[in-house]
Amino acid sequence: MKKLLSPALFLLILFQLSFATSLMQQLEQERIHLVEKVSPGVATIFTIKEVKIANPFAGNPFGDFFGIPNVPEFKQRQEGLGSGFIVKVDKEKKKVYLLTNNHVVENAQNIKVQFKNGTVLDAKIVGTDKLSDVALIAVPFKEGIEKFAEEHVLKLGDSDKLKPGMTVIAIGSPLGLKGTVTMGIISALNREIPGHPGEGFIQTDAAINPGNSGGPLINLNGEVIGINTAIIMGAQGLGFAVPINHAKWVMEQVLKYGKVKRSKIGVVIQPLTPELAKHFGVKKGVLVAQVMKGGPADKAGIKPGDIIVAVNGKPVSKIIELQKYVMRNPPGTELKITVVRDGKKIDFSVKTTSWEEETEVSEGNLHQMEAKYGLIVKDITPNLVERYRIPKVPYGVFVLGVKYGSIADEAGIRTGDVILTVNKKPVKTVRDFWKEIKKAEKKGADSVLLFIRRGDATIYTVMPVIKSKK
């Protein structure tokens, strides 16, 4: 015969189930209240951009046959979508400020913000930062938006206190579906994304899709701890957000200077692998591979082979830490750089210079150029030829990645292309390529002509360039 549960045990199990259900319902209600409280501070951003499309019939007699003008490119209207959130109401300037992503508003001719209450207003860009992919925009006091905004300014948290495993919620307008809420955890911290040195992104498995960009990533206290910014196409559960502490720093810089001022010390660095660490007799640090002649580090006395272990007393064990400690200072800042040389610690006083001052393309500003144009190119090597089945070409650089919505993307450049020439000049290395782009920038050119090998075909396309500031 089957043994039956005693009445006491049955009542205990029933009580536990009832308690668990009650607890789950309580947590659910708290989550609903949290979303209801934060959502009004999140807005949908609509943009209109004018993009240039390469003419496949340029210089081809078939174009005349179809009545297509013999021009290298066409202009086309492109509509964009993103998210943003209210961070400040300035009664003196009569503006409501919102944080979003740079790539959401970059090169937009028209920006409209739709708030939760249905109000739609034209917005202006206050300042942008490509490296962190952060932008600050503002709308004027109209239609009573200042009252609504004052009630729904989102509280900014402290991203330095985040830990993997913490619960987070993403709010935005993915694929145009306004007010979408997704939940997950922090999967990792200080993730590096190509083209964004020193940023240290938050990785989360909370679902992020196109349109989520610029929306807030919040914690269970309703505080914004990140700005949703990127996904890895084709992957699931891999979303990235800008840490809010860095976004706050960018916002402060933009409000104070109109742009972001970063520093550099003029070194090319590489990770200290276990093998290198054993050779140099140092457990943690970053290896100086090259010192730029005449740069701040060179003037201070830092040499190749030195191991940087601290900046202003803060320990350095990863490249991203060194980049962060150096870059997030205004140019002209005196930094104490501690290195290990021949087993001895030495302190150097290094006066930083502007991140933007570099004129020649080196490892120090390669990432900046990649971020500016949303384009990653690589030297063609036997390994790349075998891995990507690159066609046989006499010279050129291989396009490893193109960021969606970037200048390169709008120019029609695709991953897998081989760029053969820039303004009819052959490029054999990555430095050759970016050197030609820098030349065009300095000359004040509007664009460069690229000759591209794509599969078995060759095409021309025009890529706009960003003019150097004088």
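Is E150 buried, partly exposed or exposed? At 40% relative accessibility, E150 counts as partly exposed. Buried means under 20% relative accessible area, exposed means over 50%, and partly exposed lies in between (1.4 Å probe, protein chains only).

This is a predicted model, in which local features need pLDDT of at least 70, side-chain atom pairs count only at pLDDT 80 or more, and totals for chains, interfaces and linings use all residues. Residues are numbered from 1 along each chain as its sequence is written, and side-chain values use heavy atoms, with hydrogens and water left out. Helices (H or I, at least four residues) and strands (E, at least two) are DSSP runs, numbered from the N terminus.

**Salt bridges**

- A salt bridge is a side-chain nitrogen of Lys or Arg within 4 Å of a carboxyl oxygen of Asp or Glu.
- A search of the whole structure finds ten salt bridges.
- One of them joins K91 and E150, with the closest N and O atoms 3.1 Å apart. K91 lies in the loop between β2 and β3 and E150 in helix α4, so the pair ties together parts 59 residues apart in sequence. K91 counts as exposed, at 59% relative accessibility.
- R262 pairs with D129 in another salt bridge, and here the closest N and O atoms are 2.6 Å apart. R262 sits in the loop between α5 and β14 (263–264), while D129 is in strand β6 (residues 124–129), so this pair links parts 133 residues apart in sequence. Both R262 and D129 are buried.
- D133 and K403 also meet in a salt bridge, at 3.5 Å from N to O. D133 is in the loop between β6 and β7, and K403 is in the loop between β23 (397–402) and α11 (407–410), so the bridge ties together parts 270 residues apart in sequence. D133 is buried, at 2% relative accessibility. K403 is partly exposed, at 30%.

**Nonpolar cores**

- A nonpolar core is a set of buried Ala, Val, Leu, Ile, Met, Phe, Trp, Tyr and Cys residues joined through side-chain atoms within 4.5 Å.
- The largest core has 28 residues, and F85, L99 and I227 touch the most other members.
- Elements giving two or more residues to this core include α1 (7–38), β2 (73–90), β12 (224–231) and α5 (244–257). The largest share, six residues, comes from α5.
- Contact means heavy atoms within 4.5 Å. Not counting residues up to four places away in sequence, L99 touches several residues, among them F85, I227, I244, A247 and M251.
- Another core lies apart from the largest one; it has 24 residues, including F433, W434, I437 and V465.

**Helices**

- The expected span of a helix is 1.5 Å times one less than its number of residues.
- Helix α5 has 14 residues that should span 20 Å, and its end C-alpha atoms are 20 Å apart, which agrees. Its buried residues include I244, H246, W249 and V254. After α5 comes G258, with a positive phi near 85 degrees.
- Helix α12 (residues 430–443) also has 14 residues, and it reaches 20 Å from its first C-alpha to its last, close to the expected 20 Å. Buried residues in α12 include V430, I437 and A440. Just after α12, G444 has a positive phi of about 80 degrees.
- Helix α8 (residues 319–327) is largely enclosed by the rest of the structure, because seven of its nine residues are buried. Among them are I319, L322 and M327.

**Aromatic pairs**

- Rings of Phe, Tyr and Trp (its six-membered ring) pair if their centres lie within 6.5 Å; planes under 30 degrees apart count as stacked, over 60 as edge-to-face and the rest as tilted.
- The whole structure holds five aromatic pairs. In one of them, the rings of F433 and W434 have centres 4.9 Å apart and planes at 75 degrees, so the pair is edge-to-face.
- F433 is buried, at 0% relative accessibility. W434 is buried too, with a relative accessible area of 0%.
- Y373, F433 and W434 form one aromatic cluster.

**Loops and positive phi**

- Most residues other than glycine have a negative phi.
- E143 has a positive phi, near 55 degrees. E143 lies in the loop between β7 and α4 (145–151), and is exposed at 63%.
- N423 has a positive phi as well, near 50 degrees. N423 lies in the loop between β24 (418–422) and β25 (425–426).
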